[in-house]
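Keep the sequence and the 3D view at hand while reading.

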Amino acid sequence: MTDTTEESTPGAVGPRKSSWRYIGPGIVVAATGVGAGDLVATLIAGSTFGYTLMWAAVIGCVVKISLAEACGRWHLATGRTLFDGWRSLGSWTTVYFAFYVVVWGFVYGATAMSSSALPIVALFPDGPGLKTWAVLTGLVGLAFVWFNRYAVFEKVMTVLIGVMFVVVVYVAIRVGPDVGASFAGLAPVLPDGSLLYTLGLIGGVGGTITMAAYGYWVNAKGWTDTRWMKVMRLDNRVAYVTTGIFVVAMLVVGAELLHASEIALTKGDRGLIDLGAVLEERYGAATAKLFLVGFFATSFSSLIGVWHGVSLMFADFVERLRRDRAGAGADGAAGATRSGAPDAAEGGADGGAAEVASGAKERSVAFRGYLLWLTFPPISLLFLDQPFGLVVAYGVLGAFFMPFLALTLLWLLNSSRTPAEWRNGIVSNVMLAAAGLLFVVLCVQQVRDLPW
């Protein structure tokens, strides 16, 4: 089966061929996945090792393309959501996700609001303080996602990623990249002490729960079956090529502006404020302010992306639990035995793709309840030191998510839960297995580094 014709379900609309005009969810996942912390990590890698780890950035993009493609393929090939797939693997996945989405969302909400407020404070130093701006950005994000549907959300995310792209590439060109050294950096080399930086660069940038949300955004776009498979794959490649350009641009800035001058940045999002000060000193206030605008676009796009995407996942999670309690779990079991791609009606009956596409989940109590959870309880963390136990729980749950995603996708897409023609091939299996191994190593390291 291909997605190049309009055959299959009678009366359904699908693309005749893959086209750039269809792309959208990939732009959303790229804008959400690359946060301020990712840019700082990339900058520090460039400032420490110059162009040497350029190859790791390229491999990282290939890994993310494979993971996101697997998420999208599951949704389109089965007509079932990712959480529905996890649920079919056993109740342990439900328990893990329940703890993860509650604890992670609580701490992430405060982190996202603070990150979005930092560049605003730097741009307007005489205005309100960091905590006030943080609360305001959270409330604006809440209102935007609450009152808008996916179509408007995608357009705004496209504008934000456009700002990010222009600013980051402009700054990289402004500092003057060494083209020869850049190409030399594509040769796999591991300098002394670079292993963890390398693994982090491959696995960290653009790799969060938003990768799992990609399939939900694919459905929200209206792509609900295999006729959209080629479009989804093009969309996904565009997303992570764009992410790759961000990573390469920030490596250039780190290598040229910081490595040669031996300038150290503060760890975390505040490192971008340090970079803004360096840019102002070297290239003037206009360049520095432009960079801070890009910093805001990076942080705020991640905020509203998580507010929307993870709320969709939570709404699906709650719906599945309600169906189980109502004794309707047989619907999921029946869906698992389907041998072909379902039509939109089947997906809607199973509470899956078509329902997300219709916007029903965006209007649900669970979706809006999780929006409130991401916004109001985390405000308390802005005014208090984060409780020690909560920080540890957040770190552990977060460290385990990417291995969980990679390994469960490997399981789902090699089983009878997926129609035979859309199961993993050799390349997909190698990439997902490599991603799983990589994220397990990073998970162990992250857990070891926690302040126990």
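A residue is called buried when its relative accessible area is under 20%, exposed when that area is over 50%, and partly exposed in between. R323 has a relative accessible area of 22%, so R323 is partly exposed. These values are computed on a predicted model.

R323 has a charged partner. A salt bridge joins R323 to E319, with 3.3 Å between the closest N and O atoms. The two residues are four places apart in helix α13, so about one helical turn separates them. An α-helix has 3.6 residues a turn, so residues three or four places apart point the same way. E319 has a relative accessibility of 13%, so E319 counts as buried, whereas R323 is partly exposed at 22%.

This pair belongs to a wider arrangement. A network of salt bridges links R80, D84, R87, D316, E319, R320, R323, D324 and K361. Are R80 and D84 buried or exposed? D84 has a relative accessible area of 0%, so D84 is buried. R80, at 1% relative accessibility, counts as buried as well.

Another salt bridge is found between K221 and E154, where the closest N and O atoms are 2.9 Å apart. K221 sits in the loop between α10 and α11 and E154 in helix α7, so the pair ties together parts that are 67 residues apart in sequence. K221 is partly exposed, because its relative accessibility is 29%. E154 is buried, because its relative accessible area is 11%. The count of salt bridges in the model comes to 12.

The largest nonpolar core has 139 residues, and L67, L82, W86, W307, F401 and L405 touch the most other members. Helix α11 gives the largest share of this core, 17 residues. What does L405 contact beyond its neighbours within four places in sequence? The contacts of L405 are C71, L82, W86, M211 and A212. Of these, L82 and W86 are also named among the core residues that touch the most other members.

Helix α11 runs over residues 229-259 and contains T242. The relative accessible area of T242 is 14%, so T242 is buried. A polar atom of the T242 side chain lies 2.7 Å from the backbone oxygen of V238. Apart from neighbours within four places in sequence, T242 contacts I161 and F165.

S415 is located between α18 (388-412) and α19 (426-449). S415 counts as buried because its relative accessibility is 11%. Its side chain reaches the backbone oxygen of L412 at a distance of 3.0 Å.

Helix α11 also takes part in covering another helix. Helix α1 spans residues 25-33 and is mostly covered, with nine of its nine residues buried. Among the buried residues of α1 are P25, G26, I27 and V28. The buried residues of α1 pack against α2 (36-49), α7 (150-175), α10 (210-220), α11 and α13 (285-325).

The surface has a nonpolar part too. V58, V62, V179, F183 and L186 make a nonpolar surface patch of about 450 Å². Helices α3 (54-78) and α8 each supply at least two residues of this patch. V62 lies in α3, and V62 is partly exposed because its relative accessible area is 38%.

Helix α8 leads on to a loop. L190 lies in the loop between α8 (179-184) and α9 (195-204). L190 counts as partly exposed because its relative accessibility is 48%. How far apart are L190 and T52 in sequence, and what is the C-alpha to C-alpha distance between them? L190 and T52 are 138 residues apart in sequence and 7.9 Å apart in space. Leaving aside neighbours within four places in sequence, L190 is in contact with W55, L195 and T198.

Key. Residues are numbered from 1 along each chain as its sequence is written. This is a predicted model: local features need pLDDT of at least 70, side-chain atom pairs count only at pLDDT 80 or more; totals for chains, interfaces and linings use all residues. Side-chain values use heavy atoms; hydrogens and water are left out. Buried means under 20% relative accessible area, exposed over 50%, partly exposed in between (1.4 Å probe, protein chains only). A polar contact is a pair of N or O atoms within 3.5 Å; within protein, one must be able to donate a hydrogen and the other to accept it, and residues adjacent in sequence count only if both atoms are side-chain atoms. Contact means heavy atoms within 4.5 Å. Patches are made of residues with over 30% relative accessible area and no salt bridge: like charges are joined within 9 Å, nonpolar side chains (Val, Leu, Ile, Met, Phe, Trp, Tyr) within 5 Å. Accessible areas come from the Shrake-Rupley method with a 1.4 Å probe; for residues, only the protein chains shown count as cover. A salt bridge is a side-chain nitrogen of Lys or Arg within 4 Å of a carboxyl oxygen of Asp or Glu. A nonpolar core is a set of buried Ala, Val, Leu, Ile, Met, Phe, Trp, Tyr and Cys residues joined through side-chain atoms within 4.5 Å.
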